[in-house]
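I opened this structure for the first time today. These are my notes on what I looked up.

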Protein chains: 2
Amino acid sequence: MRTIYWDSGQDEVHLIDQRLLPGELHYLALRDYREVADAIRQMAIRGAPAIGAAAAFGLALAARRSRATAREALLHDLQQAAGVLRQSRPTAVNLGWALQRTLKVAEETEGGADELRAAVLDEALRIAEEDVAINKRMAEHGAALIDDGDTVIHHCNTGSLAAVDWGTALGVLRMAHEQGKRIHVLVDETRPRLQGARLTAWELEQYGIPYAIISDGAAGYFLSTGQAHKVIFGADRVAANGDVANKIGTYMLALAANDNQAPAYAVVPTSTIDLSLAEGKQIPIEEREPGEVLNIQVGGQAVIPAGATARNPAFDITPHRLVTAIVTENGIARPPYSSSLRAAVAGKLAG
Amino acid sequence: MRTIYWDSGQDEVHLIDQRLLPGELHYLALRDYREVADAIRQMAIRGAPAIGAAAAFGLALAARRSRATAREALLHDLQQAAGVLRQSRPTAVNLGWALQRTLKVAEETEGGADELRAAVLDEALRIAEEDVAINKRMAEHGAALIDDGDTVIHHCNTGSLAAVDWGTALGVLRMAHEQGKRIHVLVDETRPRLQGARLTAWELEQYGIPYAIISDGAAGYFLSTGQAHKVIFGADRVAANGDVANKIGTYMLALAANDNQAPAYAVVPTSTIDLSLAEGKQIPIEEREPGEVLNIQVGGQAVIPAGATARNPAFDITPHRLVTAIVTENGIARPPYSSSLRAAVAGKLAG
């Protein structure tokens, strides 16, 4: 299952509209980079690696649709498009990483506008292909941490839908399952947008992995009663010291794991590690609109008083002291992260 | 606002059907103790003190409707009714406490069936009146812990609706507000049944206290960024060592408070303290049906895959080490709870 792919016949990027899942599996066909920015902003596509690939394809669309004939004019159009795409989600580092990488290729490619157009598309395709390979390597490294018989709590959606394929934390669980380990997944529903209940449960159904959905506040109960053994999650950005920015609720989940001596694993491609930030406090936290919290019904009825207000931070920071290990495509980083994350990024992690 | 009262003209107990809030303020009129047991089981009425008063009125209904003419036959009917009422919710200790207290009065009352009928109703009315007085004293004690300018995170619903009037933790915030302290409340929506978003937000609107609803997983973000200063909650049962059984999610909230040196206060009448249980592990935890987790819609649409399964524990145990103080009607108990809770129950708490 590919979450995102390039249609070279139509010069379009196709991506699963995750807002329609689990009811409907529908691919959006986007022809303009502004449509890509909108799809990211409205979370038709979400998940840090998926957003990175989408943004790179957005630049490819900008290159295709630009009327520029001169090299400099096209570069100018690409930079402008990158600016719009970069604003679509502020927390995920992969977005900026993929844009920067693709822009750099454009700048360094010799020749005229057409050569640049081809180079930008090639780079976007390369980012998508690399994402699949990287995620599979992450899954293989991470599966070694999962034991036969484990019950694992998983937060948000980090599966194929969050990437081009495989995903991060959920890819680890899928790989462990494919290796024949009997695992059970407790799926944090992940309010307010319910990515766990909507998307992770749907993916687990596809993979045939046993699971049960739980309220986010119930994770502590399962850990403290010994019914859950490990917790696992992805990340939208990891600081140089190992602090993890991830979907709201991750910090409390990691606290509950820590309080019960259960390991808490973050699974991230090295493109998610931002060595330019010393610590998590420097990571910008997106606050989304209150309607995501308030627009909820039970049994078909509105349940929240008319006129009620809400606060809706989309991410929180899990301090590195609560993170047992960070799984990357280059191996498993363990504390002290100040050295192990640098080694992971450089591809020089021992073991 | 009375959540529950006796209609002496009709010999009925009237109580707010909390399932219809915030849309509709409707009182159920119950004529049979089995209807009271159903109302408790289906959570038309909920909140430990409210359930206690409802159960006592249930016995009053059983006494009224019993055809027994002899004292012993009526006592037998009352015991049978108490057995049914006791089964309606397993975790809240007030239920058993109110039933036991009312049965004891019946047993100790001299005379025939009519004298017993009158005594049982009198005792139920007394439990309800005492609840109001007790909760107001709790609110006064607890308000001393709330400072002008505080932002406080509140879990579940612990207001008037959870009691006969005033409530426990929310009564403390209401009292602080009435004393002129400027407070802001972050309302945990409290999945799966959303008692915070449905009921606590509705009550705060009535009292004119500023608030915002948050996803339960967001509490840690507000505490770690210094935007929330304290957390407060009620309890369904407190063990002799200070371990607190309360609505699912309380344990993770207390962990987040603790990790940020923010105080975590439990507010409970002494009837909620169960000195017969040494520690929280001995408290039975009710697991409710998966539909409460799964039956959720966003924007009018189902969001959970058909056939998905869920686990739904209704309560968790917050270890006493995470509880800064336990506010009772007899004063504020602080660690070590093994001595202070006994003093609170005996009405001999210093200060």
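**Entry 1: between the chains.** I counted 25 residue pairs in polar contact between chain B and chain A, both residues at pLDDT 80 or more. A polar contact here is a pair of N or O atoms within 3.5 Å; within protein, one must be able to donate a hydrogen and the other to accept it, and residues adjacent in sequence count only if both atoms are side-chain atoms. I next looked up which elements of chain B give two or more residues to the side that touches chain A: helix 7, strand 6 (211–214), helix 8 (219–224), helix 9 (250–259), helix 10 (291–294), strand 12 (296–298) and strand 14 (315–318). Helices (H or I, at least four residues) and strands (E, at least two) are DSSP runs, numbered from the N terminus. Helix 9 of chain B gives the most, with six residues. By type, the residues of this side divide into 34 nonpolar, 14 polar and nine charged. Ala, Val, Leu, Ile, Met, Phe, Trp, Tyr, Cys and Pro count as nonpolar, Asp, Glu, Lys and Arg as charged, and the others, Gly among them, as polar.

**Entry 2: ground rules.** The model is predicted: local features need pLDDT of at least 70, side-chain atom pairs count only at pLDDT 80 or more, and totals for chains, interfaces and linings use all residues. Residues are numbered from 1 along each chain as its sequence is written, chains are lettered from A and ligands numbered from 1 in the order in which they are written, and side-chain values use heavy atoms, leaving out hydrogens and water.

**Entry 3: extent of the interface.** I found 57 residues of chain B in contact (heavy atoms within 4.5 Å) with 56 residues of chain A. The area buried between the two chains is about 4400 Å², and carbon and sulfur atoms give 60% of that. Buried area is the accessible area (1.4 Å probe) that two parts lose on being put together, summed over both. B:Tyr221, B:Met252 and B:Arg311 supply 15% of the area that chain B buries against chain A, more than any other three residues. Of the interface residues of chain B, 98% are also interface residues in chain A, so the copies meet through the same surface.

**Entry 4: symmetry.** How is chain B laid on chain A? A turn of 180° and a shift of 0.0 Å along the axis do it, with an RMSD of 0.0 Å. That is the relation of a two-fold axis. In chain B, the C-alpha nearest the axis belongs to B:Gln297, 2.4 Å from it. Copies are superposed by least squares on the C-alpha atoms of residues with pLDDT of at least 70 in both.

**Entry 5: salt bridges.** I searched the whole structure and got 50 salt bridges over all chains. The rule asks for a side-chain nitrogen of Lys or Arg within 4 Å of a carboxyl oxygen of Asp or Glu. Four of them cross the interface of chain B and chain A. One of these joins A:Arg191 and B:Glu189, with the closest N and O atoms 2.6 Å apart. Both residues are buried. Buried means under 20% relative accessible area, exposed over 50%, partly exposed in between (1.4 Å probe, protein chains only).

Within chain B, B:Arg64 forms a salt bridge with B:Asp11, at 3.6 Å between the closest N and O atoms. This pair links distant parts of the chain, 53 residues apart: B:Arg64 is in helix 2 (residues 48–65), B:Asp11 in the loop between strand 1 (4–7) and strand 2 (12–16). B:Arg64 is partly exposed at 29%, while B:Asp11 counts as buried at 18%.

I also noted B:Glu292 with B:Arg288, at 2.9 Å; both are buried. In chain A, a network of salt bridges links A:Arg89, A:Arg193, A:Glu286, A:Arg288 and A:Glu292.

**Entry 6: helix 6 of chain B.** Is this helix enclosed or open? Eight of the ten residues of helix 6 (residues 169–178) are buried, so it is largely enclosed by the rest of the structure. Its cover includes helix 5 (113–143), strand 4 (151–154) and strand 5 (184–188) of chain B. Just after the helix, B:Gly180 takes a positive phi of about 95°.

Entry 7: A cis peptide bond joins A:Leu21 and A:Pro22, with omega about 0°. The bond from B:Leu21 to B:Pro22 is cis too. A:Trp166 is not a glycine, yet its phi is positive, near 70°. A:Trp166 counts as buried at 8% relative accessibility.
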